[in-house]
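Hi everyone, thanks for having me. Let's have a look at this one together.

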Amino acid sequence: MRLLGYVRQCHSRFFSVLLVRALKLIARGGSPDQLIYDWLNNTICLDTGAVFGGKLTALRWPERELVDVPAERVWYEPARPLRTDAPGGHDGRPLDLADVHGRRAVETRHAGRVAVREENAAAALEVMSRFATDPRLLPYLPPTMAPTATSSVDGYLEHPEEAFAQYARDGVARVVCEEKHMGSRAVALVCRDAETARERFGAGGGPTGSLYTRTGRPFFDDAEVTEEILGRLRSAITDAGLWDELDTDWLLLDAELMPWSLKASGLLRGQYAAVGAASGAVFPAALDALEAAAARGADVGGLLARQRERAADAAAFTAAYRRYCWTTEGLEGVRLAPFQLLAVQGRSLAALPHDEQLALIDRLVEHDGSGLLQTTRRLYVDTGDPESVRAGVDWWLEMTGRGGEGMVVKPLGALVRTEDGRLVQPGIKCRGREYLRIIYGPEYTRPDNLDRLRRRFLNHKRSLALREYALGLEALDRLADGEPLWRVHEAVFGVLALESEPVDPRL
């Protein structure tokens, strides 16, 4: 595991390539230290962490010989120290690079073997070793969400009719439409107390669980903030009587943490706000000049009309992203919207029908006295009933017309297969017309732009969603069966690796 420490210091693509080379070396029985003494494209890395108590290394040229001396002392304690051991599971076996490096195929119960390419594994290893939460407290990663088929409805890129029709073709008679919250995906592992976290998950240092993003990173840098949120969740679980009802000392939840600006402030400032500020600075002066020219009799009517349309689109873009931002002070203003219970002691809940899931979550929200938890609005639709489908479409139009992001359509039965045995998508997202303005740009609704965007390629994203879903189910099953950490982590790592596959990020 010393290799993971080296990776934490790496930032360039060169080191990613070197990492792949090193993993091959280790697979042949070599030592991680040989990574430091390997040449790549006539280039060699000499960083052996002297400042952290490693070695100071020099290259003798032209002999191409390396000489080194041990560091005099640890000059600076790393934030995440180099370790010679790794977290272990109940069987005492630690995590091992051989479990995840190189091209692999993870056996799953619901989709057979899921392949993980070597370069994707290398990218996941860097994220896992440098940024991710303690792997003992990372039992699951959620899959990416499949988008609905491209709509042919005038003025829309996405529309619920396509999602309902897709599930009808897959033989799903009833679906639940869940409000898509305007935040960031968060997974919460809530233990009854620190002793449970230590005994069941091997977590040291006193944490009572974890709260992390869909790529496994701690949601908050401050552990005290995380513990405060876990404490509020724990109180709601206790007051709702779920510990005893579910016969468990821990609970894994899938949720959305709001506001979006809580985690995406850099993206908002650097990308969205910059566009809004630029348009706000340019269009008023341009429109004034064109209107003055028109008043003088100049033939600028067509140009003026186009610029007015562009200004209106830019204003709609600014209004769209601002709905996702509000001021927070500590945890004041922060909201957590759970929408699925994933697992408890000895049992995966991934196949529990969504109406039962939401009933349990409603009890959590009802017994939350802190104001943290928020309910998820929902509507049930019969895919074969035109009136029910129409009601679902109207519900989506009303919600997105008020500024909502959209909805996720899910099979009511949660874990569903088609007649020929294929896994059905666990959820299809259908985003609102104005929300997509943030994703595709202020002027995406213009007919020529919509025509171009309707040719977007969706199959890769849909395939990725199903493969990640199968890996997530496998991780939950292994967790419920009490399998050792390395077995659970193998499936979790696979989800993270697939996330590095190249796919249009707007989908």
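This is a predicted model: local features need pLDDT of at least 70, side-chain atom pairs count only at pLDDT 80 or more; totals for chains, interfaces and linings use all residues.

Residues are numbered from 1 along each chain as its sequence is written, and side-chain values use heavy atoms, leaving out hydrogens and water.

Back to the strands, which are DSSP runs of E with at least two residues, while helices are runs of H or I with at least four, both numbered from the N terminus. Strand E9 (residues 184-191) and E10 run antiparallel, joined by four bridges; DSSP has to find at least two bridges for strands to pair. They belong to an open sheet of five strands, in the order E10-E9-E11-E12-E13, with antiparallel pairing. E10 (209-212) and E13 (347-348) are at the edges with a single partner strand each, so one side of each has no neighbour in the sheet.

Now, salt bridges: a side-chain nitrogen of Lys or Arg within 4 Å of a carboxyl oxygen of Asp or Glu. How many salt bridges does that rule give? The count is 36. One of them joins Lys 180 and Glu 405, at 2.5 Å from N to O. Lys 180 is in the loop between E8 (174-179) and E9, and Glu 405 in the loop between helix H11 (386-401) and strand E15 (406-411), so this pair ties together parts 225 residues apart in sequence. Buried or exposed? Lys 180 and Glu 405 are both buried, meaning under 20% relative accessible area, with exposed being over 50% and partly exposed in between (1.4 Å probe, protein chains only).
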